[in-house]
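Dear colleague,

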Amino acid sequence: MRLLNIAIVGGGPGGLMTAYLLQQQLTAPMHVTLFEASERLGGKLQTKSFVKASAHYEAGAAELYDYSMIDEDPLKELVGELGLFAIPMGGSSVILDNRVLTNLADIQEHFGTEVLESLTDFDRQAKASMSPREFYAIGHADPSFSTISAGRFDTALQNIREPAAQRYIENLIHSDLATEPKHTSISYGLQNYLMNDPTYTKLYSIAGGNQRLSHELASRIDATVLLQHTVTAIGSSGREKIQVTSSAHGHTRVDDFDFVVIALPMNHLTALHFHPPRLAHAMRQHHACYNHPAHYLRVTILFDRPFWRSVLTDHFLMLDRFGGCCLYDESAREPESTAAVLGWLISGQAALEMSKLDNDALIEQALGSLPDSLSCGRHSFIEGSVHRWVDAVNALPGGMPPRGLDERHQPEPVDHPNLFIVGDYLFDSTLNGVLDSATHVAGWMAALGASDSFDKSPETLAH
């Protein structure tokens, strides 16, 4: 078998996972070139530390999802395979009107029986519409078989008879949606509601920081890694190859490859020039299908003491500020840590608008959002940090209208069957989803690379 030259555009989780899986599955000899525009690998996996104390926090992806109670969990298996350890995460509290609501009894005491009944009715209907098994398989299922309405999620919320119950649910799931209910589907809204039930999924982080996942993947792949190389164009080379044009430090290079995998966030695709016109048209269609931007903003603050522990006893809670945000006890990620770190995950329209403010203003707003019972925390402030993730995730993963698995990953199968897409937005905007995407593409490429008749013709390479 001849050597296969493979390009992976993007050094985030998707690109690293694809390279790792190809190395395991492709039987033909290969050489991988990985292009990354920034100075580091890892993308949305970013574990940072403060200047004034050796305290770590997650600046990017906050957690991973555990589906092992339902079926195989490829991401959790990968974490173990890489020698990493999972730290379970949990949180059940919502703060509304300065009141901590941890269970149904709290809701009934604060809002009354009618609100409680309204919430339990919604919960019952949500679970009836999607079982844990259906929840587990939703990214892989044929979209034509879905029994859930594809309508807007806000229409489902408007059917909740008690306004207080609707407000509770909106605050509970807003930071997971990363958008407003009117911008996403009933199906995706229900997924994000049901993930709060441990029979559907559980959460965990990686001991030592989530960024360790990308570090371990990078240490195990055999590839030429080109950091600070921005890919500017992708297209046919005229020699039955795919041509990748990149720029680094004022110099342009052009390389030909047998396969190209684009593993970039959706908002980066429009910066690439695709040619010829057929491929350019296909990529415009791909972008139009998945261009449903959602937004995050992370504000993380180091304090001199964990003053919140009397209220926040879990890893996180939901706070009725900024349209509904998640407040993380970042210190709880490291059980032996003596540091005191709180993180605000602000999402949706609030994140988009607030991202225009400077860091000091954002830190001040975060401090001002603390409930009355925690307002003393302002006097314990030491240092703050801000990370903006505008357009970084998708409000309608899987596309609208939803597409089948192959169509999601191969935008132009006729003349460019060796060009593939990997992305979390093709599944569910999680690290689990990007591994599902990388697995699909790596398996497909491995099958093509093993074919004795591999010759780049569309007929040979049709999936």
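Which residues of H1 are buried? They are Pro13, Gly14, Gly15, Leu16, Met17, Thr18, Ala19, Tyr20, Leu21 and Leu22, where buried means under 20% relative accessible area, exposed over 50%, and partly exposed in between (1.4 Å probe, protein chains only).

The model is a predicted one, in which local features need pLDDT of at least 70 and side-chain atom pairs count only at pLDDT 80 or more, while totals for chains, interfaces and linings use all residues. Residues are numbered from 1 along each chain as its sequence is written, and side-chain values use heavy atoms, with hydrogens and water left out.

Helices (H or I, at least four residues) and strands (E, at least two) are DSSP runs, numbered from the N terminus. Because 10 of its 13 residues are buried, H1 is largely enclosed by the rest of the structure. Its cover includes strands E1 (4-9), E2 (30-36) and E14 (259-262), together with helices H2 (74-81), H9 (212-220) and H14 (431-449).

The axes of H1 and H9 (lines fitted to C-alpha atoms, for helices over the stretch in contact, with angles from 0 to 180 degrees between N-to-C directions) come within 9 Å and cross at roughly 40°. Leu16, Met17, Tyr20 and Gln23 of H1 make this contact (heavy atoms within 4.5 Å) with Leu213, Ser214, Leu217, Ala218 and Arg220 of H9.

Elsewhere, Gly112 lies in the loop between helix H3 (104-111) and helix H4 (113-129). Gly112 counts as partly exposed because its relative accessibility is 22%.

Yours sincerely
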